[in-house]
Amino acid sequence: MAKKSTSRTRASGGSDMLGQLGEIAANCWWTWNPAASDLFARANRSVFLASDKNPIVALSALSASQKRLLATDEEFVADVKATHSEFRQYMRGRTWYAAKYGKKVKGLTAYFCMEYALHESLPFYAGGLGVLAGDHLKSASDLGIPFVAIGIYWKKGYTRQYVDKSGHPTDEFRSLAPNKTPLAEVVKPNGRPLRLKIPMGSRKVVARAWRLDVGRVPLYLLDTDLPENTAQDRKLTHVLYSGDRDTRIRQEILLGIGGWGLIKELGLKVSACHLNEGHAAFLSLERITERMKLKKQGFKQAMAYVHRTSVFTTHTPVPAGNEEFDPALIDVYLKGYLKKLGLTHEEFHDLARVTPGNSAENFGMTPLALRTSKYANGVAALHGKIARRMWKRVYPGKKLTEVPIGHVTNGIHLKTWLHPEMGELLDEFLGDSWEDKQDLARTWAACKHIPDESLWKLHQKFKAELIDFCRQKVKEQIRRSRSRGMKIAEADKLLDPRALTIGFARRFAPYKRATLVFNDPGRLAKILNNRKMPVQLIFAGKAHPADSAGKELIEKLIEYSQQPRFRKRIVFIEDYEMDVARHMVAGVDIWLNNPERPREASGTSGMKPSLHGGLNLSILDGWWPEGFNRKNGWAIGKGKDHDGTNASNRRDANDLYRILEKEATVLYYERDGSGIPTRWPAMMKNALETIPVYFNTHRQVKEYLTKYYLPAMRNA
């Protein structure tokens, strides 16, 4: 009887354990909690790793025998129970927002964004905008901000980009079925699936919605791949940032107008809206229309209400990054708003023109967002200044200093990007609750007390992991394309764990100048192949599928990496995504960033290496002018703008070479008797002490809350 009782207890415990694992997998909370992620790897390691670390796929692939083994593993069952308890406590616990603001302000802030990067197993992102949005949601969850997010379920995500036999980047788009994700279809109270009918010109497109829980924050994703729609409309939500202008405008109608329709259908009490980039600007038109209809208000009164309850963040000083549409295309899809808003054709188009009355202008999503949002900001102090200069004409009669575009400097969600072992070191020296006080200087002051040897050896371990990761990736690339002129066995000789390692991982847009370091190949070769002070470079990145110039940069980089003088010193990693980024930011000694100043709005990737003692070597653009203090990295170019000439490229390249030759390598290889650099660890600790404390999304979200969200919600 005792044996049978034990058997039943184990079976029950195993069932509970699988249910608890499933509950953890269904919420993106696990993506920033290493203990949770580790559970899925332990449960089904091979499938978990092969599926871009997708816990839904890993758990669904468990065989009956695997489930029985896990159920009898007492340590595993106990760890699942403990992690599940931690998750439940997180979801139910009193939050920072509740403690500080309680119920003083009613309603939610709704956040609209075209892309979200939450984890590599959920490829609804292309690059920095999505990474920033994903980190924003995670901090909003941690802090308990009353928040809801709206986006699109990109069934085929963004490009998976690989280099073919000729060295040319090629694009693949893989479908991601909802049953392989934590997505849950939104249903009505009667249990039937929710359906929205969204006007697009002369017809209506049907959309459904999926809910994805990001900790405490619900993210709703719209999807038009339904049999009720035409083939053209079904493809609308297949691929992020793809298709012609007709497709693009319909996608943005879906996000802004469809997104607001979803909020109303769900009955969410939204008081303020945050447009994260101009893609969602049609939202304001729908809100004005609704206000006029429900409150029996005129256009000006309804516009004033939407204006004072809207927040708009612009993310790029690059003109091509600010969405525009041909006025004729706008007329095809949005002419119905003229009657709804009571505006003439010219008055309607003037809402989206920099200069009202200029019929030669396209319909600009940024001017529309600015005109309909009282609160507007850039994403770094320098970017705010550039944005005020760019958009001054939207505010006639105002001096440059009076243009109402401020700035909230971007940050990163520290736990998402922190190597678990670095987290253990920080727990030891900063205290177990340091994450709750991450935006306070006194929290990070204890970094001074971390022993040089401890920090150095841990970082060397991360670098060894990165190099092993790169070698495995190169082997995969060789198997896939046979284009490297290299045997698989040779990949094990790539890179040197003892060498100064520089990382460059970006979207390969031409203005980011991925190949600037090759401006003088001979000089670079001498730096990399210095026998006493060797240096190596690891590159990763993607170009937009339609960006031929960006793809040419990748081809050129591949060509350089295959030259004998660079062969073992330069590696390019294909298909840049979040897992590659995590390895790189933990393992590189120096993070290189050299855009054409002042075209980089922020550039959050450079904030992540400092969490692991990595140093920045960067143009004084984006966030770096605020972060650089001469003791936590180096500045290229002395704050001079790029004038569009090769002379500016040569100037910046020469400064880059000088820093590597005379400063960085000398410091790195200056060692004591035990082989530890004498001055380098002090810079590592300075970076650790001065950068994460400010450049984190907890500080960022709190700043949005106090400067914009709370005032906008009170205005409602």
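A residue is called buried when its relative accessible area is under 20%. Keep that cut-off in mind, and keep in mind that this is a predicted model.

By that cut-off Arg250 is buried, because its relative accessible area is 1%. Its partner is Asp246: the two side chains form a salt bridge, 3.0 Å from N to O. Asp246 has 18% relative accessibility, so Asp246 counts as buried too. Both residues belong to helix H10, residues 245-266, and they are four residues apart, which means about one helical turn between them.

Elsewhere, salt bridges with shared partners link Asp52, Arg160, Lys542 and Asp575 into one network.

What about the exposure of Arg658 and Glu663? Arg658 is partly exposed at 33%, and Glu663 is partly exposed at 29%. Their salt bridge has its closest N and O atoms 2.8 Å apart. The whole structure has 49 salt bridges.

Now the sheet. Six strands form an open sheet with parallel pairing, in the order E17-E16-E15-E18-E19-E20. Neighbouring strands are turned by 20 degrees against each other on average, direction ignored. Helix H23, residues 548-562, packs on this sheet and touches E16 and E17, with its direction at about 145 degrees to that of E17.

Definitions and conventions:
Residues numbered from 1 in each chain as written. Predicted model: local features only at pLDDT ≥ 70, side-chain atom pairs only at ≥ 80, totals over all residues. Heavy atoms only, no water. Pairing = 2+ DSSP bridges. Helix = DSSP H or I, 4+ residues; strand = E, 2+ residues; numbered from the N terminus. Axes fitted to C-alpha atoms, helices over the stretch in contact; angles between N-to-C directions. Contact = heavy atoms within 4.5 Å. Salt bridge = Lys/Arg side-chain N within 4 Å of Asp/Glu carboxyl O. Buried < 20%, exposed > 50% of the residue type's maximum accessible area, 1.4 Å probe, protein only.
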